[in-house]
Amino acid sequence: MKKLKMTSANDFRDIANSLSIQSQKGSPSAIELNQKYKDLIAPERSEDIYLKVLAGGRD
């Protein structure tokens, strides 16, 4: 997440899922954005929050 300069773990998950699907299909196709959600922005959180959750803690 830090290396790719992402602000959301959801973005990282979505990219990983997309790459997995594309590799199974063979050749990448053009990605169409859903216009309904184009103005939504994921909340920015510190990576410390994710580390606490993964360690079993609550925030």
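**Figure 1. S8 in the segment that precedes helix α1.** S8 is found in the segment before α1, a helix that covers residues 9–25. The model shown here and in the following views is predicted. S8 counts as buried, because its relative accessibility is 1% and the cut-off for burial is under 20%. A polar atom of the S8 side chain lies 3.1 Å from the backbone nitrogen of N10.

**Figure 2. The salt bridge between R13 and D14.** A search of the whole structure finds one salt bridge. R13 and D14 form a salt bridge in which the closest N and O atoms are 3.0 Å apart. R13 has a relative accessible area of 44% and is therefore partly exposed. D14 is likewise classed as partly exposed, because its relative accessible area is 38%; this class lies between the limits of 20% and 50%.

**Figure 3. S23 within helix α1.** The place of S23 is in helix α1. S23 counts as exposed, because its relative accessibility is 56% and the exposed class begins over 50%. A polar atom of the S23 side chain lies 2.9 Å from the backbone oxygen of S20. An α-helix has 3.6 residues a turn, so residues three or four places apart point the same way.

**Figure 4. The two ends of helix α2.** Helix α2 comprises residues 47–54, and S46 caps its N-terminal end. In this cap, a side-chain oxygen of S46 lies 3.0 Å from the backbone nitrogen of D48. Just after α2, G56 takes a positive phi of about 100°.

**Figure 5. The largest pocket and its lining.** The largest pocket has a volume of about 200 Å³. Its lining consists of N10, D11, D14, L40, I41 and A42. By residue class, the lining of the largest pocket divides into three nonpolar, one polar and two charged residues. Among the lining residues is D14, which also takes part in the salt bridge with R13. N10, another lining residue, has its backbone nitrogen 3.1 Å from a polar atom of the S8 side chain.

**Figure 6. The protein chain as a whole, for orientation.** The protein chain contains two helices and zero strands. Of its 59 residues, 3% count as buried; S8 belongs to this class, because its relative accessibility is 1%. The protein chain exposes about 5,700 Å², of which carbon and sulfur atoms supply 55%.

Terms used:
Residues numbered from 1 in each chain as written. Predicted model: local features only at pLDDT ≥ 70, side-chain atom pairs only at ≥ 80, totals over all residues. Heavy atoms only, no water. Polar contact = N/O pair within 3.5 Å; in protein donor to acceptor, adjacent residues only side chain to side chain. Helix = DSSP H or I, 4+ residues; strand = E, 2+ residues; numbered from the N terminus. Salt bridge = Lys/Arg side-chain N within 4 Å of Asp/Glu carboxyl O. Buried < 20%, exposed > 50% of the residue type's maximum accessible area, 1.4 Å probe, protein only. Areas by Shrake-Rupley, 256 points an atom, 1.4 Å probe, with all protein chains shown as cover. 1 Å grid on protein atoms, 1.4 Å probe; cavity = no way out; pocket = protein on both sides within 12 Å on 5 of 7 lines; lining within 4 Å. Points joined across faces, edges and corners; volume = space filled by probe spheres on them. Nonpolar A, V, L, I, M, F, W, Y, C, P; charged D, E, K, R; others polar.
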